[in-house]
Amino acid sequence: MVFKKSSLLMCLVALFLGSEILYSQEQVDSLTIYFRQGYSSFDRGYRGNGERYDEFVKRVRQLQEGTNVKIWSVALNASASPDGSPKSNERLAAKRAAVLSRTLHQHLTFADSVITVNSKTISFEALLPQLMEDPDLPCKDDAIRIIQSD
């Protein structure tokens, strides 16, 4: 049987860890990294990124310290705000995923072949119904008015 542990969701990001022993288990952990609008650089000081990243790396390293522990999958879910064109948002999301992949490789050991990148873009038109459905959204009416005015 295969013993599986997993870790990392960015956006996003999910890592799946595993080792061969007599039982199977899966553990999921996640990490969210925020980027400044229009930028793809990893800013450790922005919105607590550094602290969250360090804690995540610490948890994954603790799992990797066990014998026969292997990362099976790393899913990078990257996105960009809907204020740019769809094409530029796709490029920005892909750059953000690449930056995070390089950053993770600097601190954790896993094969490139386990990485899956999911770049997501959303338009204001697609965002509008989601805003309208959320009864607890602060400044909901203002946000809806701004989107509808374009």
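Arg-44 counts as partly exposed, at 39% relative accessibility. On this scale, buried means under 20% relative accessible area, exposed means over 50%, and partly exposed lies in between (1.4 Å probe, protein chains only). Arg-44 is one partner in a salt bridge: its side chain meets that of Asp-54 (2.5 Å, N to O). The term salt bridge refers to a side-chain nitrogen of Lys or Arg within 4 Å of a carboxyl oxygen of Asp or Glu. The pair links distant parts of the chain, 10 residues apart. Asp-54 sits in helix 1 (residues 49–64), and Arg-44 in the loop between strand 3 (13–19) and helix 1. Asp-54 is also partly exposed, with a relative accessible area of 39%.

The model is predicted: local features need pLDDT of at least 70 and side-chain atom pairs count only at pLDDT 80 or more, while totals for chains, interfaces and linings use all residues. Residues are numbered from 1 along each chain as its sequence is written, and side-chain values use heavy atoms, with hydrogens and water left out.

The protein has 4 helices and 5 strands. Helices (H or I, at least four residues) and strands (E, at least two) are DSSP runs, numbered from the N terminus. From the N terminus on, the order of elements is β-β-β-α-β-α-β-α-α. Of the 150 residues, 38% count as buried. Contacts, defined as heavy atoms within 4.5 Å, were also sorted by separation along the chain. Among contacts between residues at least 6 apart in sequence, 50% join residues at least 24 apart.

The structure holds 3 salt bridges. Side chains of opposite charge can pair when their charged atoms come close. Besides the bridge of Asp-54 and Arg-44, one joins Arg-36 to Asp-43, with the closest N and O atoms 3.0 Å apart. Both partners are partly exposed: Arg-36 has 39% relative accessibility, and Asp-43 has a relative accessible area of 24%. Another joins Asp-142 to Arg-145, where the closest N and O atoms are 2.6 Å apart. Asp-142 and Arg-145 both lie in helix 4, 3 residues apart, about one turn of the helix. Asp-142 counts as partly exposed at 36% relative accessibility. Arg-145 is exposed, with a relative accessible area of 52%.

Helix 4 also takes part in a helix pair. Two packed helices are described by the angle between their axes and the distance between the axes. Helix 3 (residues 124–133) and helix 4 (residues 140–149) pack at an angle of about 155 degrees, and their axes are 10 Å apart. Axes are lines fitted to C-alpha atoms, for helices over the stretch in contact, and angles run from 0 to 180 degrees between N-to-C directions. The two helices are therefore roughly antiparallel to each other. Angles under 35 degrees count as roughly parallel, over 145 as roughly antiparallel, 65 to 115 as roughly perpendicular and the rest as oblique. From helix 3, Phe-124, Leu-127, Leu-128, Leu-131 and Met-132 meet Lys-140, Ala-143, Ile-144, Ile-147 and Gln-148 of helix 4. The residues of this contact divide into 8 nonpolar, 1 polar and 1 charged. Here Ala, Val, Leu, Ile, Met, Phe, Trp, Tyr, Cys and Pro count as nonpolar, Asp, Glu, Lys and Arg as charged, and the others, Gly among them, as polar.

Most residues other than glycine have a negative phi, and most peptide bonds are trans. Two loop residues have a positive phi. Cys-139 lies in the loop between helix 3 and helix 4, and its phi is near 60 degrees. Cys-139 counts as exposed, at 57% relative accessibility. Arg-47 has a phi near 50 degrees. Arg-47 lies in the loop between strand 3 and helix 1 and is exposed, with a relative accessible area of 52%.

Ser-41 is placed in the loop between strand 3 and helix 1. It counts as partly exposed, at 45% relative accessibility. The C-alpha atoms of Ser-41 and Arg-96 are separated by 7.1 Å, although these residues are 55 apart along the chain.

Phe-110 is found in the loop between helix 2 (86–107) and strand 5 (115–120). At 10% relative accessibility, Phe-110 counts as buried. Not counting residues up to four places away in sequence, Phe-110 touches Ile-71, Val-74, Leu-104, His-105 and Ile-115. The C-alpha atoms of Phe-110 and Lys-70, 40 residues apart along the chain, are separated by 7.7 Å.
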